[in-house]
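The sequence and the structure are shown first, and the description follows.

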Amino acid sequence: MPRTPRPARPRGTPLAHALLSLAFALFALGALAPAGARAMLVNQVRPWSGDTGVGDPLLTVIELYNDSTATVNLSGWTLGGVTPADVIALPAWSIPAGAYLNVFFGAGTDDADFSDGVGSWYTGPTSYGLTSYQGEVALYDGVPGTSTIQDFVDWGLAAGSFGFAYSNATAAGMWPGGAFVDLTGLSLLAQIARLPSGYDRDTTTDWSELELPYVVPMTNHHALQLAPRDGTLQDTQPTFTWLTVPDASDYLIEVDDDSLFGSPAISATVAATGYTPGSPLADGGYYWRVTPNGLAGGPYPRAVYQFLLTSTPPGPGPARAQAIYGSAPVPQFLQHKDARLLCIWTLNSGGAQSRPGCTEAAGAQGPWDAAHPATAAHIPGCNHCNKYCTRASIQMVNAKYGGTLLQDEISYRLWSTANPGPEGDLGHDIGAWPSANNAFGWALKGGAVAEKFIGPPDAPIPFDSLSTEVDGGRPVLTVIRPPGWFHTVVFTGYFQLFGFRFIYITDPWPGRTGWYVHSRMPCVRYYMIRPDTVRGRLADPAVATDTDGDGMMDFDEATPRPFQSSRNSADTDRDGVHDKDEVRQYTFHRNYHAAHVNNTLAFADVDGDGTRAENDCDADNDRHFDGGEDINGNGHFDAGETCVLRATSNNLALAANPIVAGCAVGTARPDVTGGKLHAGSVYTVDLIETPCDPPPANAFLGAAGSIFTDGAGDVAGSSFLCYPPGTYRMIVDVLGTGVFDPDCDPIVCFTVDAATATNAVDRIEAGITSDGAELSWWLMDGTAFESFRVHRAVDGGAERLVTPEPIVAAAQTYPAKFAWRDAAIEQGHVYAYRIEAMKGSGSEWFGPAELRTTVVPARLALRGALPNPFQRSTQIAFDLPLGAGQTRVTIFDAAGRRVRALASGALAPAEQRVFWDGRDDAGGDLAAGIYLVRLETRLGARTGRVVKMP
């Protein structure tokens, strides 16, 4: 249907406006359109200015389109650019309605015959400021200026060019100030074109990249349709894809064996930007197009692409002659660190934190070991991703053949032999040939891979070799040589037409996937696959598994990549610090020793005893237990923390004083006090009568008693026998190994003598019986006291007398045992009993004896966090009744996203507690804010809130 001409923007005097009105009337009659009407538009731009020559398909091209129903004569019309000197006078040709004029910046043969709707005009050798990185084009109906500008487009990477043409366009109200078509992420040979919705306005959203092979002509193509391209397909149910068109309500997809679409095999209206046929198409030639619906101002140009569908690969003969296009696609993966494997990587940039991860923004430090997102905005600032192209390219081919390898795992294969230590075995920021350590062949499960070298230097890959491989469905891993560097990519397609040859590159770097001229793509070497041997290798499960939940993958903790920790224990040395946090401390050790060179992890053995920190609970050799360092795991010494790399780590200041309470006459037992140990723990103690000298290392330790600690790591109680006079040596088995570790296990000595080993009332004990609690004690001397009274305190409260009538000390043989039952006890409390021994007008007190009763909660409850709010860590308490079954405790952020799994599995019915260090599953320190705690069991779920302070 005919197109209604669009009003021009008013400008100039009232007389000029009247003339414009007359011009529009002439348009309606099909007359010659005057130059003042806005009928011609810039339709496409190929901003490539690196080549010259007759008919060169890579010349800079500006395509103009007559967007009216009348003929336009270009006499006096010009094209303008960044500077006033960038001016091209157009030929005085008449352009029919709906026709195209391709302006080529170079030498060639002009074509002024528009019977086919297309003309070509060559400027001859010229200089014009257009590149793929920035540029601007304005179309004028006279000398360049604000009053003559008819159309404009500006493009660039970080910003547009904002030159002379831009100033005219913005002054005329034709282009938004500061706007440009952003080419970031597009191919190096970016070519921009209008979307179908872009013919009635001037905004950057009207434009996108025209993803076509760079051949002549550009005419009647727009940026909408993406795939499939013109050529041969073997997929009988191909997926058709296209771009989103602003303001479109939905899309009509048509596929037909007739270019006029008289009887389409597919005609479907869909809301999505893709369509896959529900049934296979028969072999043969097809045309396809997409029409956005709901757009104002139509009709508009529509691209018609064609493809040859064959269910078998093209071979010799006529079918091969038709195969001007071949494709062996692979899934694209941008190069990035894609696993949580520890990267102990040296960045020689100085500074306190000398091993940063990726940089999300200028000056920002990312996570040092986390997997990093594969986004175009992230990768350019990511040192973990730099020179990672070989890993990503191998991963693409591995995935095509059914493999699931991660880039970090491939990186380990490339570098574990050359750099066997943990620091360099992932090879971040180090380039690698695909054949290193047979990595490419290994990724294809031992498949035969032939490495071919290109000669002379900077020559392209043999086109026949490429097309043969691609026609067989095999991509070609290739190392190309852009100026000054090497880069690994995958060749996945080819195209040849009119004597020109192009290759399709799937590139692991953002913005570089696309078509390139074969002759201008220098290669160094390429790798051809023998198909009968190929299977994609699956990823090692240890790469993504963290058995002990310490933040290090099992792959890190297993041979041959151990950090001398254990994947079955999150805290190998039981010092209260996860193994990964200790690795992190040494990784960032310049915070503590600025002069030390970051060359290996040797510094992890701080005291030089041959044992790394994860296995050494006294890593700084200060004879004190290394508990509690780097509580928040950020690798820095913060207020309230101690650090294993400093000589100020926690002092295990234990003492043992003999007491006679609860012991027979002539004996005493040790009363242990002090700290710091791991909070809320029980430690076995070896105790023998001997001089206070340490035993040999690894000597066997007995179990004479135990001590237990409170929430601060201080000794809160103990259980020991009574010993006669003598000198005793006590050893706390900190690691629970049953053998003596001179760096970890503290030695405490005490002496029992006759003066401290005598007491009239002794051996006070409390225990649970079927009738309640039983309190017992011994009277050593019958002349000492006449009677006894019992006092009781519950849960640390005030004492109350619980024996209204005194218990008489009747005459009998001494020492004599006395007992009293307390039937008024309940589960879940702590009872402390003291004995008041009466004689005459006075009394003496003995005890206390403590009794703790446990309780199985009657109902499911989330009792909250302590402390709350918190800064570094908190404990979350909850009650599990019988029947709770599998239990999960999870932390969510305020937006409802899961950030940390604290517990998962079958927990005992009891009052339970779990510890949270304020970090996420990846080990990163979470920001201050409100977080939700979710308790889930078979009996139901509970939710609470905890606040993390800065």
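Tyr-527 is buried, at a relative accessible area of 1%; here buried means under 20% relative accessible area, exposed over 50%, and partly exposed in between (1.4 Å probe, protein chains only). The model is a predicted one, in which local features need pLDDT of at least 70, side-chain atom pairs count only at pLDDT 80 or more, and totals for chains, interfaces and linings use all residues. Residues are numbered from 1 along each chain as its sequence is written, and side-chain values use heavy atoms, with hydrogens and water left out.

**Aromatic residues**

The structure contains 22 aromatic pairs. Rings of Phe, Tyr and Trp (its six-membered ring) pair if their centres lie within 6.5 Å; planes under 30 degrees apart count as stacked, over 60 as edge-to-face and the rest as tilted. Two of these pairs are set out below.

| Pair | Centre to centre | Angle between planes | Class |
|---|---|---|---|
| Phe-440 and Tyr-527 | 6.0 Å | 85° | edge-to-face |
| Trp-820 and Tyr-833 | 6.5 Å | 70° | edge-to-face |

Phe-440 belongs to helix α6 and Tyr-527 to strand β28 (residues 523-529), so their pairing ties together parts 87 residues apart in sequence. Helices (H or I, at least four residues) and strands (E, at least two) are DSSP runs, numbered from the N terminus. Phe-440 is buried, with a relative accessible area of 2%. In the other pair, Trp-820 lies in strand β41 (residues 816-822) and Tyr-833 in strand β42 (residues 830-839), 13 residues apart; both Trp-820 and Tyr-833 are buried.

One aromatic cluster is formed by Phe-152, Phe-162, Tyr-166, Trp-175 and Phe-180. Charged groups also meet rings: the charged end of Arg-525 sits over the ring of Trp-433, 3.6 Å from its centre, and that of Arg-289 sits over the ring of Phe-261, at 4.1 Å. For this, NZ of Lys or CZ of Arg must be within 6 Å of the ring centre and within 35 degrees of the ring normal.

Helix α5 (residues 407-415) is largely enclosed by the rest of the structure, because eight of its nine residues are buried. Among them are Ile-410, Tyr-412, Leu-414 and Trp-415. The buried residues of α5 pack against α4 (389-400), α6 (439-443) and α8 (554-557).

Lys-948, in strand β50 (residues 940-948), is buried at 5% relative accessibility. A polar atom of the Lys-948 side chain lies 2.6 Å from the backbone oxygen of Leu-926. Beyond its neighbours within four places in sequence, Lys-948 has contacts (heavy atoms within 4.5 Å) that include Phe-870, Asp-925 and Tyr-931.

**Disulfide and sheet**

The structure has one disulfide, defined as a pair of cysteine sulfur atoms within 2.5 Å. Cys-692 and Cys-749 form this link, with an S to S distance of 1.6 Å. Cys-692 lies in the loop between β31 (682-689) and β32 (705-709) and Cys-749 in strand β35 (residues 747-752), so the bond ties together parts 57 residues apart in sequence. Cys-692 is partly exposed at 39% relative accessibility, and Cys-749 is partly exposed at 26%.

Two strands pair if DSSP finds at least two bridges between them; three bridges join β4 (residues 78-80) to β5, and the two run antiparallel.

Methods:
Polar contact = N/O pair within 3.5 Å; in protein donor to acceptor, adjacent residues only side chain to side chain.
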